[in-house]
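Subject: Structure handover

Hello,

Here is the structure I promised to pass on. Please open it alongside this note.

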Amino acid sequence: MSGNGLHLHNPESIEFVPENLAPSELKKLRNKQRKQRRKAELERQQAAQAQEKREQHNKSRQQADPDLEQPTLDELIPEKLERVEDPLEQAIKFLHPLQELASNRIETHLMAFEIYIRKGRTLLMLRSIKRAHRLDVNNPDLHTCLVRFLLHTSGSPLEGPLGEVVKRQTAGIFSNPKAVQLNAEYLKKNRNSLPHLLQGARMLYVLDPSAQSKALTLVTNIEGLDGVTLKNCTKVLEALRNSDFGDCNATIADYMAKCHERFPFATAFRPPEPKANHQEKENSIKN
């Protein structure tokens with residue numbers, strides 16, 4: 001078409017061609033437009049193939065076991081998982097297969113507790129700690145769940161049948177129904193174990209923020225303790241940095257220096273490089 005420079009090849013493709021173009025420029029423009037059309041068509045084909053593949057995958061999984069609730073391929077797209085509107089509900093979808101297939105791992109039930117305490121589901125929280133308790137009575141992470149469960153139930157006292165169920169089911173779990181006393185007993189019982197002291201000290205600060213100094217002492221005086229490994233010492237550092245014990249920058253610096261002596265090659269405890277030395281290195285690289 002000549003004159004107005006508008007070319008219509010199909011209902012989805014409208015191309016504008018400026019008037020009075022030189023033949024060489026017109027040829028370049030035509031080539032560019034052809035490439036754009038091919039690219040758009042290829043993208044449509046790829047999108048259609050991906051959709052067909054997802055549908056076939058989901059259909060085959062449903063035929064294999066229609067009663068098994070598992071995340072579909074479409075639900076496992078990373079970008080979609082990053083921006084879910086109901087993260088707790090999505091977490092539960094991943095939790096159910098773990099409860100069926102990894103019920104012998106305490107991490108499964110600890111994760112379940114973390115989900116249900118955020119949803120305020122008291123009985124499901126109780127079920128999670130009961131299952132975890134059967135696997136490892138003295139697990140440090142389980143202890144934090146027990147203390148937080150007591151705080152949850154004391155914050156809104158349970159009455160009627162629900163209260164009776166909780167009282168009966170927790171009788172063999174809690175050595176003391178008061179969170180403060182339970183934590184004090186735990187710290188005394190595990191006073192020589194760093195991983196246990198870490199979680200007990202974290203709960204001490206949660207229960208009584210004015211006890212910050214005592215809590216910090218428990219986790220940073222590592223001499224003579226059991227379980228003083230690189231992994232456990234790094235966990236303590238992460239807890240300090242995450243403000244699990246409140247603002248404690250001075251303690252962090254002292255603790256890092258102490259751990260650096262014990263683990264001189266660990267990057268986690270490497271002291272920050274002085275600015276002067278850093279500048280000298282940069283200058284030597286440039287030269």
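**Confidence**

This is a predicted model. The chain has a mean pLDDT of 82. Of its residues, 77% reach 70 or more. Residues 6-14 are the stretch to watch: their pLDDT is below 50. In the model this stretch still has 15 contacts beyond near neighbours in sequence. Where pLDDT is low, predicted coordinates should not be read in detail.

**Nonpolar cores**

The largest nonpolar core holds 28 residues. Cys233, Leu240, Phe245, Tyr255 and Phe269 touch the most other members. Helices α9 (194-207), α10 (212-220), α11 (230-241) and α12 (249-262) each supply at least two residues of this core. The most come from α9, which gives 6.

Phe245 is worth a click. Setting aside residues up to four places away in sequence, Phe245 touches Leu198, Ala201, Arg202 and Tyr205, among others. Its list also includes Gln212, Ala215, Leu216 and Val219. Ala239 and Leu240 are on it too.

**Aromatic rings**

Searching the whole structure gives 3 aromatic pairs. Take Phe149 and Phe174. Their ring centres are 6.1 Å apart and their planes sit at 10°, so this pair is stacked. The two residues come from distant parts of the chain, 25 residues apart. Phe149 is in helix α6 (residues 140-155), while Phe174 is in the loop between α7 and α8. Phe149 is buried, at 1% relative accessible area. Phe174 is buried as well, at 12%.

Elsewhere, ring pairs link Tyr255, Phe263 and Phe269 into a cluster.

**Salt bridges**

The count is 6 salt bridges. Three of them deserve a look.

- Glu114 and Arg118: the closest N and O atoms are 2.9 Å apart. Both residues lie in helix α4 (residues 106-119), 4 residues apart, or about one turn of the helix. Glu114 is partly exposed at 24% relative accessibility, and Arg118 is exposed at 55%.
- Arg262 and Glu223: here the closest N and O atoms are 3.5 Å apart. Arg262 lies in helix α12 and Glu223 in the loop between α10 and α11, so the pair ties together parts 39 residues apart in sequence. Arg262 is partly exposed at 35%, whereas Glu223 is exposed at 58%.
- Glu107 and Arg105: their side chains meet at 3.7 Å, N to O. Glu107 is partly exposed at 44%, and so is Arg105 at 48%.

Salt bridges with shared partners also join Glu114, Arg118 and Arg148 into one network.

**Asn176**

Is Asn176 buried or exposed? It is buried, because its relative accessibility of 15% falls under the 20% cut-off. Asn176 sits in the loop between α7 (160-169) and α8 (179-189). A polar atom of the Asn176 side chain lies 3.0 Å from the backbone nitrogen of Lys178. The side chains of Asn176 and Glu185 are joined by a polar contact of 3.5 Å. Leaving out neighbours within four places in sequence, Asn176 is in contact with Leu150, Gln181, Leu182 and Glu185.

Best wishes

Note on methods: Residues numbered from 1 in each chain as written. Predicted model: local features only at pLDDT ≥ 70, side-chain atom pairs only at ≥ 80, totals over all residues. Heavy atoms only, no water. Buried < 20%, exposed > 50% of the residue type's maximum accessible area, 1.4 Å probe, protein only. Polar contact = N/O pair within 3.5 Å; in protein donor to acceptor, adjacent residues only side chain to side chain. Contact = heavy atoms within 4.5 Å. pLDDT = per-residue confidence, 0-100. Core = buried A, V, L, I, M, F, W, Y, C linked by side-chain atoms within 4.5 Å. Phe/Tyr/Trp six-rings, centres within 6.5 Å; stacked < 30°, edge-to-face > 60°. Salt bridge = Lys/Arg side-chain N within 4 Å of Asp/Glu carboxyl O.
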